[in-house]
Amino acid sequence: MNRYFYYHVFYIGMMNIMLFVPHILLKHRFDGAVSGLLLGIVVGSILAIGTIYCFRFFPQQGYPEILKMFVPAWVAAPMLYSTCLLWLAGGVLATYTFSQTMGIFFNPEMNHYHFLLLIIVASIFSGSRSTRTVQFSVEILFWLCVPFLLFILFKALFNPYLSWDAIRIVAGYFGRTPSLSVMASSTFFFTGYLSLTLFNRLNPANFRLKHVWSIPILGAMFGFVSFFIPIGFHGTVGVEQYVYVWSVTADSMYLKYGFIQRVLFLFLIMYTFLSMMFMMNVFHACMEYVKASVPGHKPQPEQLPVPKTNWIICGVFGVLCFLFSLWANEGRSHWATEIWLIIRFLFEIVNLIQMIIFAVLIKRRSSSAPSKSGQPAATSGQ
Amino acid sequence: MKRIAITLLLCLLVSGCGMKDIDKRFYVVTTGVDLSDNPAKPYRISLRLAITSAKAESGSSRTEIQTIEAASIAEGVRHLKAYVDKELEFGHCRVFVLGKSLLESSSPDAMSWFARRRDIQMISYFAVGEPDALSVLKITPESERYPGNALFLSFGNEGTESPYTVTSYLFDNSRRLLEKGIDPVLPIIRTQEKTYVIDRVMLLDKKKPRLTLTPGETQLYKMISSHSGKSELVLPLEDGKRVVMTVSDIKAKVHIKRDSVPVITVKIRMGGTLEESPPNLLEKDWHGLERRMADRYSEQMEQLLIKIRDAGVDPLGFGLKYLSTYFGKEKDYKWWQSVYPEAKFNVVTDVRVRGPGVIR
Amino acid sequence: MLERIEAVFGQPKDLVTEVMDNGYTSMELCFFPSMCDIDHLKDAVLVPFSYRFDPDEFRRMLKSDISFIRSDEPQKWPELLLKGCALLQYEGVVYCFTCVRKMLTEPGNTEVEASLQGPQSSFTEDLDMNMNLLRLRYNSPTMNADVMTKGKLSRTRIMIVYDRVTVDKSSLDEVKKRLESIDPKLIQAAGQLAMLIGNARFSMFPITLQTERPDRVAQLLQRGKIALMLDGSRFAVTLPIRFFDFMHAMDDDYEPYWMGRILILFRYIGMMLSMTLPALYIAACSYNPEVFRVQLAFSIDGSRAAVPYPSFVEVFIMLFMIEALIESSIRLPRFVGSTAATVGGLILGQAAQQAGLVSSIMIIVTSVVAISNFLIPNSSFSYSIRAMKYIFVIVATFYGMVGIIVAVFLIVVYLCHLRSFGQPYLAVNLKRDQKHSSQPR
């Protein structure tokens, strides 16, 4: 079951491109992005590993169940709603950017809203599935994406036009202090661990996450790749002028042999999958949170046929996505994304503290009353 | 599943079509931009449009050329739509030719149109047309199977791999235009009867063309800039005979020493086989021949580098290399700019002759 | 006895109701000659009763021979007669003599799932023969079979076969529950049964696998699956099944490992091609011609030059043509079948292209779609793929390339969402997960 966790780490780490993380970092490339990246590895790893460690005390329980164990329902519900809103905002922002990117590079003549409709319908359908279904699909989709990822990475790193000099020059600016938004962006590469807050329900009782050491490595890889490769292709100065910097970077690679000449399209195919995965997970997680906020709700990772409530909740999320896109334009979505990244970063810190408190509490409970130790697992109902 | 089907159907029904069939589109294969005589409409935009047919034989490529004068490229293209019956499509326009006069008189900012358009590939090729872009567009080589294919093949190194043809991509050019310590390079396409000759490059600084290299220099430049094999190394002998070596692999390393003036050391290693030589020359004095070739090559290269330096351009990116070696910041770059005109070059070449070819 | 039977059946002309008298005593006999093995009946009943009649021996024979079963309940008689038994009343006691006429005495040949070097025998339309074939291959005491009769009018016998040790208990309960709950009038084919118990009526993919190969059933039993076999169908329904099982031909196990893997890979490629190629053609023609390399785009452009309507119309025309061809060659008699292929494939394809009704590339697309669809070893799954193709075509008509990618995504999610009798339909490495979670802490 280890691997499911890492799939989440993987696609959320990759999603940074759709949330303008490289854009924010590149804007600050001469004042603190490099140090921010390095610091982000440390902070992000602490957040990730700390939370993972805390979750060990709550086998088979998601965040809603844990929350309900310690606080009364009327406190838990608003907390769950705010968490849900936070994630949903991320999903909405990503959908918007994704539909923009696709509109620009794939169907420039098509109405943007039609396009959004397709994505939202797909997200509603996929998000309303059961938790186990989501888990399985993430795995299959991950394996669909990997060949594309490896190919593009290989193509980029061995490209004669990749200027290592430019990369070195930017790397030389590591002495600057990073700003909050840089820190928020650079810790995003590690956010995948938060999937544990929901998918821990599916993990068996004896679950121990292995290869935790690989989290810093993976996050650092995502960070360095999405920050430095555009610099290598567009130079230290030119890189700033592009809005969809990674799409343009992918377009700068060339396939000599093959049906497709522009790597851009491989990149877009991969990102369609990744974005849809992200949307599916966001919709699903938010839906589960909303459902869990009802007192007396019992989590059911496997539910067939899909209950109507799932459709309704996800439908509401879809409408929210649509409303956002009515309001947003490129500038606003940039601004909103930057703010969202910062809020997310603060939330993660709060979340870790909260989890540590809960972990300490449960440890005390179990040591003071050993007879009660089996209780939490029983009340949570798996 | 029924519900999904219904929603999907609804979703499809409300969606208007962004569809435009392939046969309703006119493919631009080459775009040329020249300077016109009219100061109000300084740009003369020419598009070479593909007329495709089901048969792909040699010489079956047919194209149509449309030309317009306009105040800016974008306006010109928009206006040209009124001249044709199908939608203009730049998605497969891989070659952009800029007139020589245009480059000399206007700033390269006009190029931002190319980078901004979503459908223009970042991997399209840029070149200078001599005498102007339109005359380059007008040429249809006999052997061309697909419209515009001849230039795609020459620049893409898919067909010919000429040691004289330097490829310049859009993304590379727009990077060089902005980057500190490296300057743009554009190949020059000249017209000759019914074919193209692409054996020169034009070196530009951030604003204007500064220097045009001869074919020989172009080959030298290409050898060191893109490490391309398949070039040749010539050593004229005293008795008028010539030794020609095909270079199959070449490696160049640049080191820059920080001094009162920077010393740029270029270490070149190359290997290859002899293609033309007086009989038994190699066996008599293998190492001597290698050394003589190396010395001659170093000398040529040094002359070229000095010529480039004196023109005030830096297409090989020595400045960038310097900054990256010493993790340079703004101040270092200023210093570099002030001392680059006096920079010293030191070319060290190591030639390895693999053999005399098939005969002695 | 005879009056009772005549009261139930009326007086059908194919029912023999006789009172036989050999001079000493008499016996009432009634049977359907069309359903009974007359020779058997003669040897076992008529000869001892007539030529060699010995009252003691005859009585002893009726009492001890296992093919004579005493049958005292009159309401069961019609059923027994209909199953092909003969009823005889001797000295006031009714006996049922089983002498069902077996049409089939040897296993059939594989027709739908042919194999090159694997076993060539297949199930027959006779359930007992099928059980024989299966027992021969799965010669283990753990193989269990439950019997059930379903269908108000057809009274089809259904065997639920499974390995007691390896079977997945929850799936078994689920199947039994569903079998109890159904109440059809007629069950004539395995596919019908599969549809009845697979509750998702609108499911796009089969969640049970029908096979005519005893070796496949044996292999699946060993893996803990359940097989349903019924009288009158040469196919067994196996379940729960996973997506990957449909892409697996028995030959893969009989050939060297890597050959098998490569063939499986080809099948997946074929499946993808046959689903997406027409859609990709539409996307390439109408939305994103810049995706493919310039030379290819110009070829498509050139070949489409003469076609007067948009690409999706062209695709629908050609897809309809090919579906019609496939359908007609299944239904047509063998001799005419090849004519259909020739007319359709050669003349129509060539002529349509020359007339400028479809592009030559579309003809290639169509044939690739048709051929690669046949790579799929299971026919009901290949029907699914054939249908999926149209979803892709429709989405591509409206959304182009992105539509196709999103549709792929949706299908993956949908496949993961499906459950075959409680078991995940598409999921990888499940075995390992289960092992992990069952380990002690």
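In the predicted model described here, the centres of domain 1 of chain B and domain 2 of chain B, taken over C-alpha atoms, are separated by 31 Å. The domain assignment, with bounds that come from an automatic or database source, places domain 1 of chain B at residues 22–212 and domain 2 of chain B at residues 219–360. Between these domains, 16 residues of domain 1 of chain B are in contact with 20 residues of domain 2 of chain B, two residues being in contact if their C-beta atoms, placed from the backbone, lie within 7 Å. On the side of domain 1 of chain B that touches domain 2 of chain B, the elements that give two or more residues are β8 (195–204) and β9 (209–212) of chain B, where strands (E, at least two residues) and helices (H or I, at least four residues) are DSSP runs numbered from the N terminus. The most is given by β8(B), with 3 residues. By class, this side of domain 1 of chain B has 9 nonpolar, 1 polar and 6 charged residues, with Ala, Val, Leu, Ile, Met, Phe, Trp, Tyr, Cys and Pro counted as nonpolar, Asp, Glu, Lys and Arg as charged, and the others, Gly among them, as polar.

Residues are numbered from 1 along each chain as its sequence is written, while chains are lettered from A, and ligands numbered from 1, in the order in which they are written. Local features need pLDDT of at least 70 and side-chain atom pairs count only at pLDDT 80 or more, whereas totals for chains, interfaces and linings use all residues.

For chain C, the domain assignment gives domain 1 (2–98), domain 2 (127–240) and domain 3 (257–420). The centres of domain 2 of chain C and domain 3 of chain C, taken over C-alpha atoms, lie 34 Å apart, and the contact takes 9 residues from domain 2 of chain C and 9 residues from domain 3 of chain C. The side of domain 2 of chain C that touches domain 3 of chain C comprises 7 nonpolar and 2 polar residues, with no charged residues.

Chain C also contains an open sheet of 5 strands with antiparallel pairing, in the order β1-β2-β4-β5-β3, two strands being paired if DSSP finds at least two bridges between them. The edge strands, each of which pairs on one side only, are β1 (16–21) and β3 (68–70) of chain C, and the twist averages 25° from one strand to the next, with axes taken as lines fitted to C-alpha atoms (for helices over the stretch in contact) and angles running from 0 to 180 degrees between N-to-C directions. Strand β4 (residues 85–90) of chain C pairs with strand β5 (residues 93–98) of chain C in the antiparallel sense over 6 bridges; in β5(C), Phe97(C) is the bridge partner of Ala86(C), and Val94(C) is the bridge partner of Gln89(C). The hairpin of β4(C) and β5(C) has 2 residues between the strands, and in this hairpin Glu91(C) takes a positive phi near 55°. The antiparallel pairing of β3(C) with β5(C) runs over 3 bridges, and Phe97(C) is also the bridge partner of Phe68(C).

The contact between chain C and chain A takes 29 residues from chain C and 28 residues from chain A. On the side of chain C that touches chain A, α16 (379–417) and α17 (430–438) of chain C each supply at least two residues, and the largest share, 13 residues, comes from α16(C). The residues of this side of chain C divide into 18 nonpolar, 7 polar and 4 charged.

The contact between chain C and chain B takes 23 residues from chain C and 25 residues from chain B. Here α11 (257–287), α12 (294–304) and α16 of chain C each supply at least two residues of the side of chain C that touches chain B, with the largest share, 10 residues, coming from α12(C). This side of chain C has 13 nonpolar, 7 polar and 3 charged residues.

In chain A, the mean pLDDT is 85, and 96% of the residues reach 70 or more, pLDDT being the predictor's confidence in each residue, from 0 to 100. Over residues 371–382 of chain A, however, pLDDT stays under 50, and the model has 11 contacts beyond four places in sequence for this stretch. Where pLDDT is low, the predicted coordinates should not be read in detail.
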